[in-house]
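The sequence and structure follow.

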Amino acid sequence: MKPGLGYAIGGYLAGIVGGGLATSAWSAVQGSNRLSLGLLAAGLAGIWTGYLATIALATRRSLSHPGDKPPPRGAPKSAPTSARPGFRIALPNDAVLGIAAGAAASIVLVPVVYTALRAVGLIDADDVHRLAGPAEKLADAVGRGGPKFAVLVLLVGVGAPIVEECFYRGLVQPAATQTFGARAGVAITAAFFALAHLEPLQFPGLFAFGLVVGTLAYRTGRLGPGIVAHMVFNGLTLARLAHLGG
């Protein structure tokens, strides 16, 4: 197995284990596993620790062994490699591109995906109505306004896009594209990204969005557009939840 792919798989597993341990510890301390802002924050802290620790290890290896992992043939010269995650934002271009991509994915792409799935009989009307269920349960537990909702916005609307794009598109995707080629690498990364959310019904929409941000990262060679797009995508979901509670 190539070192970059090993880091990617190891980081993915570390995130799963870290999130599980953190939520279990929180539930034990609180004496309840009821969904709450604290439980969410603990889970994210565990997941992000696994992701960021892996990125740090991969970056350290890259600095110790410069030039031993060249970018894939045909990739943009500035594209991050599997051992050297990139974090580059070119303003204002990345902001404009990211806002457009995130809004289009949320407002157009994801609804089209589920409309198509319903048209071919893979899901039904009840499934469509259940799509917002996990987010609505979280909003109900936290509240749809006030300080707790503001913390939720920071976690889901800001923190998650930054950490997830650095890990999935900055580390996993370059390793996958080096091993399997550009198209397969972007698709595999999108699948890992969607699976990590542990919501089977949301998988098609998250996979489609993962293809969007993955393509942005590969074509531009920067994480900036994808981070902005991810913030917009998550932010629109939070805005809908706040509006429904208003």
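## E165 in helix α6

E165 is part of helix α6, where helices are DSSP runs of H or I with at least four residues, strands are E runs of at least two, and both are numbered from the N terminus. With a relative accessibility of 1%, E165 counts as buried; buried means under 20% relative accessible area, exposed over 50%, and partly exposed in between (1.4 Å probe, protein chains only). Setting aside residues up to four places away in sequence, E165 touches A160, G170, V213, L223, G226, I227 and H230, a contact being heavy atoms within 4.5 Å.

## Basis of the values

The model is predicted: local features need pLDDT of at least 70 and side-chain atom pairs count only at pLDDT 80 or more, while totals for chains, interfaces and linings use all residues. Residues are numbered from 1 along each chain as its sequence is written, and side-chain values use heavy atoms, with hydrogens and water left out.

## Nonpolar core

The largest nonpolar core has 43 residues, of which L40, L152, F167 and Y168 touch the most other members. Such a core is a set of buried Ala, Val, Leu, Ile, Met, Phe, Trp, Tyr and Cys residues joined through side-chain atoms within 4.5 Å. Elements giving two or more residues to this core include α1 (3-30), α2 (37-64) and α6 (146-180); α6 gives the most, with 11 residues.

Beyond its neighbours within four places in sequence, F167 contacts A8, G11, Y12, Y51, T54, I55 and V172.

## I9 in helix α1

I9 lies in helix α1 and is partly exposed, at 31% relative accessible area.
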